[in-house]
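Here are my notes on the model, as numbered points. Please read them with the structure open.

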Amino acid sequence: MTKGQKKNLKKSQQRQKKRVEKTTAEITQQYKYLADEGAPMEDITDRLASTSVQESRRPAAEEAAKGEASKNGSEQDDVSKRIKNIRKKLRQIDDLQVKIDGGIEPDQMQLDKIAKRATFQEELESLESWVTS
């Protein structure tokens, strides 16, 4: 990233970019450490599969919700909390799906949680559209 590109990013985006770069560097360092130890490739792959770098989960809609005080204060806070909770559940479902794809056998509760993903996604979109209106 050049200095010219850095100026075009907001401060929060610059901080997020730094966090992602730092996490990526840590993952790379872990991989090199494991490879230098002579660990079997399966162990390295398993450890890296459980590690992830994620972009910010806070879209512009939530940022707008924080700055906008014109709507009912407590109702706005409740919706923001619900959005946050739904995002957390979706993140957990994504992490669980990665583990299942990696070969872990899920129990019935985990399968039920994955089945609810579409419902959570629809509710999130509905709440975000309410916040931006």
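1. Start with Lys 116, which sits in the loop between helix H6 (108-115) and H7. This is a predicted model, so the notes below apply to a prediction. Is Lys 116 buried or exposed, or something in between? Its relative accessibility is 48%, and buried requires under 20% while exposed requires over 50%, so Lys 116 counts as partly exposed.

2. Lys 116 can also be placed relative to Lys 89. The two are 27 residues apart in sequence, and their C-alpha atoms are 9.8 Å apart in space.

3. Which residues of H7 are buried? They are Phe 120, Leu 124, Leu 127, Glu 128 and Val 131. Looking down the axis of H7, these buried residues fall within an arc of 100°, so they line one face of the helix. The general rule is that an α-helix has 3.6 residues a turn, so residues three or four places apart point the same way.

4. The largest nonpolar core has nine residues. They are Val 79, Ile 83, Ile 86, Leu 90, Ile 93, Phe 120, Leu 124, Leu 127 and Val 131. Helix H5 (73-101) and H7 are the elements that give two or more residues to this core. H5 provides the largest share, five residues.

5. On the overall layout, the protein has seven helices and zero strands. Of its 133 residues, 18% count as buried. Taking contacts between residues at least 6 apart in sequence, 67% join residues at least 24 apart. The protein exposes about 10,100 Å², and carbon and sulfur atoms supply 50% of that area.

6. A last point concerns confidence. The mean pLDDT of the protein is 76, and 63% of the residues reach 70 or more. Where is confidence lowest, and where is it highest? The lowest is in helix H4 (residues 60-67), with a mean of 53, and the highest is in H6, at 91.

Methods. Residues are numbered from 1 along each chain as its sequence is written. This is a predicted model: local features need pLDDT of at least 70, side-chain atom pairs count only at pLDDT 80 or more; totals for chains, interfaces and linings use all residues. Side-chain values use heavy atoms; hydrogens and water are left out. Buried means under 20% relative accessible area, exposed over 50%, partly exposed in between (1.4 Å probe, protein chains only). Helices (H or I, at least four residues) and strands (E, at least two) are DSSP runs, numbered from the N terminus. The arc is that of the directions from the helix axis to the C-beta atoms. Contact means heavy atoms within 4.5 Å. Accessible areas come from the Shrake-Rupley method with a 1.4 Å probe; for residues, only the protein chains shown count as cover. A nonpolar core is a set of buried Ala, Val, Leu, Ile, Met, Phe, Trp, Tyr and Cys residues joined through side-chain atoms within 4.5 Å. pLDDT is the predictor's confidence in each residue, from 0 to 100.
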